[in-house]
Amino acid sequence: MNPIETLRLDCPWCAAPIDIDVDLSAGNQSYVEDCQVCCAPIVVTVRLDEHPDAELLVTLARECD
């Protein structure tokens with residue numbers, strides 16, 4: 001099983017579709033990544049359900065000062 005999953009999501013700043021690589025082996029996490037289109041900072045939040053058929057929830061939000 002590959003611990004990296006690539007998701008296509010929309011940037012919360014410019015609404016362009018962007019690819020986000022999620023490291024599933026890192027568990028729940030939150031980090032900032034720049035949009036590949038508009039370069040604005042995006043807060044990426046990853047939540048993994050701990051059950052065997054784990055559900056992945058990834059949200060993108062604008063980074064606030």
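Mentor: Start with the criterion. A disulfide is a pair of cysteine sulfur atoms within 2.5 Å. Keep in mind that this is a predicted model.

Trainee: How many disulfides does a search of the whole structure find?

Mentor: The general idea comes first. A disulfide is a covalent bond between the sulfur atoms of two cysteines. Here the search of the whole structure returns zero disulfides.

Trainee: Now the fold. What does the secondary structure of the chain come to?

Mentor: Zero helices and five strands. Read along the sequence, the pattern is β-β-β-β-β. The C-alpha trace spans about 35 × 25 × 15 Å along its principal axes.

Trainee: Which strands form the open sheet, and in what order?

Mentor: Three strands form it, in the order S3-S4-S5, with antiparallel pairing. S3 and S5 are the edge strands, each pairing on one side only. From one strand to the next, the twist averages 25°.

Trainee: How many bridges join S3 to S4?

Mentor: Six bridges join strand S3, residues 29-34, to strand S4, residues 41-48. Asp 34 stands opposite Pro 41 in S4. Ser 30 stands opposite Thr 45 in S4.

Trainee: What is Thr 45 in contact with, leaving aside its neighbours within four places in sequence?

Mentor: The partners are Gln 29, Ser 30, Leu 57, Val 58 and Thr 59. Thr 45 lies in strand S4. Its relative accessible area is 19%, so Thr 45 is buried.

Trainee: How should I think about side chains along a strand?

Mentor: In a regular strand the side chains alternate between the two faces of the sheet.

Trainee: Next, backbone angles. What should I expect of phi?

Mentor: Most residues other than glycine have a negative phi, and most peptide bonds are trans. Look for the exceptions. Ala 15 has a positive phi of about 70°, although it is not a glycine. Phi of Cys 39 is near 65°, also a positive value in a residue other than glycine.

Trainee: Where are Ala 15 and Cys 39 placed?

Mentor: Ala 15 is in the loop between S1 and S2. Its relative accessible area is 52%, so Ala 15 is exposed. Cys 39 is in the loop between S3 and S4. The hairpin of S3 and S4 has six residues between the strands. At 56% relative accessibility, Cys 39 counts as exposed.

Trainee: What does Leu 24 contact, leaving aside its neighbours within four places in sequence?

Mentor: Leu 24 is in contact with Asn 2, Pro 3, Glu 5, Leu 48 and Leu 56.

Trainee: Where is Asn 2 placed?

Mentor: Asn 2 is in the segment before strand S1, residues 4-10. At 52% relative accessibility, Asn 2 counts as exposed. Compare sequence with space: Asn 2 and Asp 23 are 21 residues apart in sequence and 9.0 Å apart C-alpha to C-alpha.

Trainee: Last, the whole chain. What fraction of the residues count as buried?

Mentor: Of the 65 residues, 25% count as buried. The accessible surface comes to about 4500 Å², and 50% of that belongs to carbon and sulfur atoms. For contacts between residues at least 6 apart in sequence, 25% join residues at least 24 apart.

Conventions:
Residues are numbered from 1 along each chain as its sequence is written. This is a predicted model: local features need pLDDT of at least 70, side-chain atom pairs count only at pLDDT 80 or more; totals for chains, interfaces and linings use all residues. Side-chain values use heavy atoms; hydrogens and water are left out. Two strands pair if DSSP finds at least two bridges between them. Helices (H or I, at least four residues) and strands (E, at least two) are DSSP runs, numbered from the N terminus. Contact means heavy atoms within 4.5 Å. Buried means under 20% relative accessible area, exposed over 50%, partly exposed in between (1.4 Å probe, protein chains only). Accessible areas come from the Shrake-Rupley method with a 1.4 Å probe; for residues, only the protein chains shown count as cover. Axes are lines fitted to C-alpha atoms, for helices over the stretch in contact, and angles run from 0 to 180 degrees between N-to-C directions.
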